[in-house]
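I opened the model today and kept notes on what I looked up. The entries follow the order in which I went through it.

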Amino acid sequence: MEPHHPTQIQALLPFPFATGANGFTAHHSGEDNSLDKEVGSFLSGQQQFSCISDLTKVNPVTTTTVLKCLQARYAIDVFYTKAGCSLVAINPFRPVQSLYSQELMKEYHTVDRLQELKPHIFIVAEESYRNVQSQIPLVNQSIIVSGESGAGKTWTSRCLMKFYATVAASSDIPEGGITVERVEQRVLDSNPVMEAFGNACTLRNNNSSRFGKYIQLHLNRSQLLTSASVQTFLLEKTRVAYQAPQERNFHIFYQIAKGATLDERREWDLLESAHFCWLPNSEKTLEEDCFDVTREAMTHLGIDSFTQTGLLHLGNIQFCESEDEAQLCELEDLAKGFAETASRLLRVPGEQLLDTLRIRTITAGRQRQEEYAEEGLEWSFVDYQDNQTCLDAIEGNPVSIFSLLNEACRLNWTSNAAQFQSRIEIALSKNTCVSRDKFRKEPNFIVSHYAGSVCYRIESMVEKNKDPVPPELVLLLQQSQDALLQKLFPVEETNTKPDENDTKTQAKPALVTVVSKFKGSLEQLMEILHSTTPHYIRISFRSFLERYGLLKKLKKRNLKATSSQGNDFSPDAENGKSVTPPIEEEGDTLQSEVQDILQQ
């Protein structure tokens, strides 16, 4: 624990790229007639399914019984249900009055026994807040919010931060307490800024986070909010220059283009009739296009730089076609005006910007159950799908998809998609989670994830993994007079000059690939989370229950339920809701040392 920040509450939003699979996998449970009778008896009973607030109280625990309870609760506008120490949320996709009001926050914060209140994200927030001070020894707390793209992770994190900014605020502001008040407001202001710069409209979600974020809220020994920090992971940088059909760039570009004042338009050279290549589908009008909220939040955070306007002009620069690759690229006549505007807004030397742009780049769970058995506890094993084989295929040692990608980048192999496909097939031939679609003409491979199989195109995969940043571009941005760019691209000072004859100083820096960054970020994240007491919130779509209703109808007709991709469908494959309750009903998933319990 840090000396100035004795305890922390941390919230994690998982990486946005894991947005669910293309299909679902059927689980054949092999239930006998006795279990079928128990399920039938439970479903035909007189009990009120909507009154079951904890899925561990369902008996028997099956996909049908669990989803029946969730469906019954959703029908009466109850969207939160406990599953042991986890919280399951079904997104209603509509405003629900007073569901996140200040009065409700205070009610959950001041109640003596949280168990007396209905399940809610505020219970998870308040439990972690109380644990910060009550656990012995003091342990940092973390809240992990997971779900598909568009399920509501961003909204949930927004509500959690608002909750802490409310309950961790000092009611009596002493001398110098303005700083505390500013911290709370800055925490709230960080949300619209992060969403503007890191979220975009995709096919599935109008406000999809295109990066992972890890938020830390620091409390003092009086349980008051003193500071906050945000770590980001794997921002989808390529979206700035390339957007898939029917998708958009990051929100900030549309906010500036649609919400700039007349004076700002003159300063940034943003005529209303101007067309920008990096603003596709700008005719869409979204709630996220509001620039006033982002501008006000940036002002409170001390950010007054809008270098994004220079990037819009940069995206309109086009080059003349040339057959001689040994020569510098030549700009089209209209592009020179955009280059001049971009250099003015980015505050970099115009000639150097042109020279840099013209340079050609040559592209070349079971462990816990086994612990119970070893300790001599009576335990009936709960069967679940082990995902270790899939994880080994992706990032295992010594050979995996990640290691093969890194090897191809490190050795600078010829970019041949067919050859790379052959390497994967040979190296991972014994792994049952890796295959390929033989009916597709382009090279590909398929990974059988927990929720279903996903087919990946190999074309350009090696080049994308290199993720190179031209050093000339970095040097150019380091010369910018813009205060924000100077912080983003600082000039590294060295006390000693490199010796021209010293081969060590001339050696190129080690190649850091995308998968290396990804794996390193996850390892760093897991290390932090393992040092905390975790709390879980799982968010699902309303369509999850609708699909269950469809499945029920198909079963009555003795038909096989399939997804649109033709894969077998099972609702519990989406997040294992029917697997979690029986494990948590039988044993505590959050274990503590005996000495800590005695001291408590």
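I began with Asp 77, which lies in the loop between helix 2 and strand 2 (80–83). The model is a predicted one, so I read every value as computed from it. Asp 77 has a positive phi of about 65° although it is not a glycine. I noted this because most residues other than glycine have a negative phi. I then looked up its accessibility: Asp 77 is at 42% relative accessibility, so it counts as partly exposed.

I found a second case at Phe 93, again not a glycine and again with a positive phi, here about 55°. Phe 93 sits in the loop between strand 3 (86–90) and helix 3 (102–110). With a relative accessible area of 44%, Phe 93 is partly exposed.

Next I went to the peptide bonds. I kept in mind that most peptide bonds are trans. The bond that joins Asn 59 and Pro 60 is cis, with omega about 0°. I placed Pro 60 in the loop between helix 1 and helix 2. I also logged a cis bond from Asn 397 to Pro 398, where omega is near 5°. Pro 398 falls in the loop between helix 14 (388–395) and helix 15 (401–410).

**Thr 56**

I went back to the loop between helix 1 (33–44) and helix 2 (63–75), where Thr 56 is placed. The side chain of Thr 56 makes a polar contact with the side chain of Asp 54, at 2.9 Å.

**Helix 9**

I listed the buried residues of helix 9 (residues 291–300): Phe 291, Thr 294, Arg 295, Ala 297 and Met 298. Why do I put them on the same side of helix 9? They cover an arc of only 165° around the axis, which places them on the same side. I then turned to the face of helix 9 that points away from the buried side, and there I found the exposed residues Asp 292 and Thr 299. After helix 9 comes Gly 302, with a positive phi near 85°.

I traced an open sheet of three strands in the order 9-10-11, with antiparallel pairing. Strand 9 (434–435) and strand 11 (453–457) stand at the edges; each has a single partner strand, so one side of each has no neighbour in the sheet. I looked at how strand 9 meets strand 10 (residues 444–448): the two run antiparallel and are joined by two bridges. For Ser 435, I recorded Ile 446 in strand 10 as the bridge partner.

**Salt bridges**

How many salt bridges does the structure hold? I have 16 in the notebook. Side chains of opposite charge can pair when their charged atoms come close. I wrote up three of the pairs.

I took Asp 263 and Arg 266 to start with: they form a salt bridge, and the closest N and O atoms are 3.2 Å apart. Asp 263 and Arg 266 are three residues apart in helix 8 (residues 262–268), so about one helical turn separates them. Asp 263 counts as exposed at 56% relative accessibility, and Arg 266 counts as exposed at 58%.

I then checked Arg 358 and Glu 330, whose side chains meet in a salt bridge at 2.8 Å, N to O. Arg 358 is in helix 12 (residues 350–358) and Glu 330 is in the loop between helix 10 (308–314) and helix 11 (333–346), so this pair ties together parts 28 residues apart in sequence. Glu 330 is partly exposed, with a relative accessible area of 42%.

I also noted a network: salt bridges that share partners join Arg 210, Glu 236, Arg 239 and Glu 247. Within it I looked up Glu 247 and Arg 239, whose side chains meet in a salt bridge at 2.9 Å, N to O. Both Glu 247 and Arg 239 are buried.

Notes:
Residues numbered from 1 in each chain as written. Predicted model: local features only at pLDDT ≥ 70, side-chain atom pairs only at ≥ 80, totals over all residues. Heavy atoms only, no water. Helix = DSSP H or I, 4+ residues; strand = E, 2+ residues; numbered from the N terminus. Polar contact = N/O pair within 3.5 Å; in protein donor to acceptor, adjacent residues only side chain to side chain. Pairing = 2+ DSSP bridges. Buried < 20%, exposed > 50% of the residue type's maximum accessible area, 1.4 Å probe, protein only. Arc of directions from axis to C-beta. Salt bridge = Lys/Arg side-chain N within 4 Å of Asp/Glu carboxyl O.
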